[in-house]
Amino acid sequence: MRRTIFILNFIFSSLIFAQNGESSNIYEKEYYELLNYVPQNLKNDSIYKLDSPFLKDKLNTIGSLKLYNGFRQDLKLSDKDEKWLDKRIEEIASELFLDGKRILIKSVGGYSGCPDKMIDTFKLKDIEITNLKICNSCTSSNNDKNFIQLFNNKMYSLMKIQPKN
């Protein structure tokens, strides 16, 4: 049952994004381009064979990693697959950094809903950083906590900046 809901949710969300092309504003286009950006030098991990049949996708974008990480508990990944997924999140952050993309991810939403603008920039230690917001419901914010923490910690480390409070 969970698998069916997962697949339907994935298909439904893909259809919505695909049909939103003409009405998208510049921020939405930038947001989805960044969410689906494949780093130039990212290598497919062909040596490690994953135990989970669900992790057969390339997992080469922030969006795909966020999606699979959100269902980590439901997929009942093996310890090896969990470690690989954590390593892959850090690898994506590293490769994005090498491509010149300074990104930090923030969870937004909950009871108050999500803002209209899901991407913005700010400066920290004279580095312009893109703030990519991930919209969550009241109950789903914990699903992305591990993903956001791993990604942001790696990005802060690469930028040689202490995380701001």
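Helices here are DSSP runs of H or I with at least four residues, strands are runs of E with at least two, and both are numbered from the N terminus. Contact means heavy atoms within 4.5 Å. Buried means under 20% relative accessible area, exposed means over 50%, and partly exposed lies in between (1.4 Å probe, protein chains only).

This is a predicted model, in which local features need pLDDT of at least 70 and side-chain atom pairs count only at pLDDT 80 or more, while totals for chains, interfaces and linings use all residues. Residues are numbered from 1 along each chain as its sequence is written, and side-chain values use heavy atoms, with hydrogens and water left out.

Stay on H5. Its 20 residues reach 29 Å from the first C-alpha to the last, close to the 28 Å expected at 1.5 Å a residue; the expected span is 1.5 Å times one less than the number of residues. Colour the buried residues of H5, among them Trp84, Leu85, Ile89, Ile92 and Phe97. After the helix comes Gly100, with a positive phi near 85°.

Next, go to H6 (residues 145-159) and pick Lys154. Lys154 counts as partly exposed because its relative accessibility is 27%. Leaving aside neighbours within four places in sequence, Lys154 is in contact with Glu90, Ala93 and Ser94. Draw a distance from the C-alpha of Lys154 to that of Ile89: the two residues are 65 apart along the chain, and the atoms are separated by 8.9 Å.

Then display the sheet. Three strands form an open sheet in the order S1-S3-S2, with mixed pairing. S1 and S2 each have a single partner strand and stand at the edges, so one side of each has no neighbour in the sheet. The twist from one strand to the next averages 35°. H6 packs on this sheet and touches S1, S2 and S3, its direction making about 150° with that of S1. Axes are lines fitted to C-alpha atoms, for helices over the stretch in contact, and angles run from 0 to 180 degrees between N-to-C directions.

Look at the pairings one at a time; two strands pair if DSSP finds at least two bridges between them. S1 (residues 103-109) pairs with S3 in the parallel sense over seven bridges, and Val108 stands opposite Cys135 in S3. S2 (residues 119-124) runs antiparallel to S3, joined by six bridges. Select Lys123 to find its bridge partner in S3, Glu128. The hairpin of S2 and S3 has two residues between the strands, and Lys125 takes a positive phi there, near 55°.

Finish on S3 itself, where seven of the 10 residues are buried. Pick Thr130, found in this strand (residues 127-136). Thr130 counts as buried because its relative accessibility is 16%. Not counting residues up to four places away in sequence, Thr130 touches Leu34, Arg102, Ile103, Leu104, Ile119, Asp120 and Thr121.
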